[in-house]
Amino acid sequence: MSLSKEERLSQYIDKWNQQIDKSNRENPDNQEWNELLDTVDLIKISSIVEMPAPDFQEKVRQRITEEIAEKQSKILPIKSHKKSTLKKYLFPLVAAGVVLLSMSLQNLFPNDKAEAEQIRAVKEEQLVSLGITKVNNPMLLSDGKTIVFEKDEKIVTWNEENPLMKDFPLNSFQYMRSPAMSPNEKTIAFSGYKTKNAGIWLMDQDGSNVRELAAPSSPDEYYDHSAWSPDGKKIAFVKLRYTANNSHGFTQASEEIWTIDINSGKLTKITNGSEPSWSPDGQRIAYTKTRTVGETMEKEVWIMNANGANPKKLTDGMEPNWSPDGQFITFAKITTKHQKVDKQKAEIVVSLREIWAIHVESKRESKLSESRINEEELNKMISSAPSETSDLPLSFVVSGEYDDSQPSWSKDGKSIVFVRDTNEEKGNHFSLMKITLKYE
């Protein structure tokens, strides 16, 4: 039969009480000893703390026994029975108090790092529907209710308690994109374009005091996707360069990750890549690396030191975002599934874009959102596929019912917000979603 938390702790302390002289319990003059016994009783009935594991209790008991034995072997016998008794039982009581205190602190400060190798989604909910215009860079603020994001090339805030959206005026900007809130939530960095080049700008959290931080020197270059360092002293961003095509339009020629020192303005190239995200200790940066395989572009999540050294591939995917405790990185990943059509010379290729997380050290991955095949669209393709007697093989490509992208952690690490596209031609198919997490 399993014991409750309180019963397990009571049983642990009772082991020490078995040796107590009953006369001490019944002695009303032994006030100091009786106070210690009262403390034991309070610990037994406490229900606000988590129990330490039984093996940990046993290790503590053995360690205390060894230390008491060692101390007693080195000191002279104590004449006072009262002092001896207190000394004998004070260690286990203090040890139990330390255990309780450590567990209580975990409850009082839930943001402390909780060791886990895997997380899973226990709840998924839609926060707000945002129409047919694409939404970018959602960030949940420390109040757990306000989200800053980009919509219609403007910076927008939305609050769960006051669902009316507030957008910052463009004024002389043609667009304001990729908002990033500073660690103290007093300043917003963003990519802004006026009449020259698209650079990195700063403004106060209320939209005032707009000032330019950095701008490219060439009209073929753009700065985008800001990410603050945890100490608020630097910003990592992406430098994009485009070249004009012979006929019309432009082609992206390169993407590089740079940092800028907020005070000095010093610019430093870190590596080739995009979508940087700082680790919470500021020592590393996660980013997306694009690799060309034949005619396709493969996206991969990499990590490196903050100065660009020691780059390593972590997994396939894009849009990495580091968890507040540094254990996990959430990201978006496109999974491709191939399905043969019975008695027909055709193949259905299904592309699913979903939210994942990976444990940085163990590399263990967890799927946090799950898209589905659009059965109606799939059946239409199957019915139009050529028969097995046809010499014309076909490959149909179909997306999932929705695409999930751009995940971002809450400050307490308990949830992730992301953008969902329902892949519909009409209606409100962009929305902000939220996943509640459980660490395992």
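These questions and answers go through parts of a predicted model.

Visitor: How are residues numbered, and what limits apply to this predicted model?
Guide: Residues are numbered from 1 along each chain as its sequence is written, and side-chain values use heavy atoms, with hydrogens and water left out. The model is predicted, and local features need pLDDT of at least 70, totals for chains, interfaces and linings use all residues, and side-chain atom pairs count only at pLDDT 80 or more.

Visitor: How many helices and strands does the protein have?
Guide: Both are DSSP runs numbered from the N terminus, with helices (H or I) of at least four residues and strands (E) of at least two. On that basis the protein has 6 helices and 25 strands.

Visitor: What percentage of the residues in the protein is buried?
Guide: Buried means under 20% relative accessible area, exposed means over 50%, and partly exposed lies in between (1.4 Å probe, protein chains only). Of the 440 residues in the protein, the buried part is 43%.

Visitor: Is N136 buried or exposed?
Guide: N136 is found in strand 2, which covers residues 135–140. Its relative accessible area is 16%, and the limit for the buried class is under 20%. Therefore N136 is buried.

Visitor: Which residue joins its side chain to that of N136 in a polar contact?
Guide: Contact means heavy atoms within 4.5 Å; leaving aside neighbours within four places in sequence, N136 is in contact with F149, E150 and Q406. A polar contact is a pair of N or O atoms within 3.5 Å; within protein, one must be able to donate a hydrogen and the other to accept it, and residues adjacent in sequence count only if both atoms are side-chain atoms. At 3.1 Å, the side-chain partner of N136 is Q406.

Visitor: What is the order of the strands in the open sheet of 4 strands?
Guide: Two strands pair if DSSP finds at least two bridges between them. The pairing in this sheet is antiparallel, and the order is 14-15-16-17. Its edge strands, each pairing on one side only, are strand 14 (274–278) and strand 17 (312–316).

Visitor: Over how many bridges do strand 15 and strand 16 pair?
Guide: Strand 15 holds residues 284–293 and strand 16 holds residues 296–305. A286 has I303 in strand 16 as its bridge partner, and I303 also stands opposite K312 in strand 17. Strand 16 and strand 17 pair in the antiparallel sense over 4 bridges, while for strand 15 and strand 16 the number of bridges is 10.

Visitor: Which residue takes a positive phi in the hairpin of strand 16 and strand 17?
Guide: This hairpin has 6 residues between the strands. The phi in question is near 95°, and the residue is G308.

Visitor: Which residue meets E153 in a salt bridge?
Guide: A salt bridge is a side-chain nitrogen of Lys or Arg within 4 Å of a carboxyl oxygen of Asp or Glu, and the structure holds 17 of them. E153 meets its partner at 2.5 Å, N to O, and that partner is R177. The pair links distant parts of the chain, 24 residues apart: E153 in the loop between strand 3 (146–151) and strand 4 (154–159), and, in strand 6 (residues 175–181), R177.

Visitor: Is E300 buried or exposed?
Guide: The side chain of E300 forms a salt bridge with that of K313 (3.4 Å, N to O). K313 counts as partly exposed at 38% relative accessibility. E300 has a relative accessible area of 3%, so E300 is buried.
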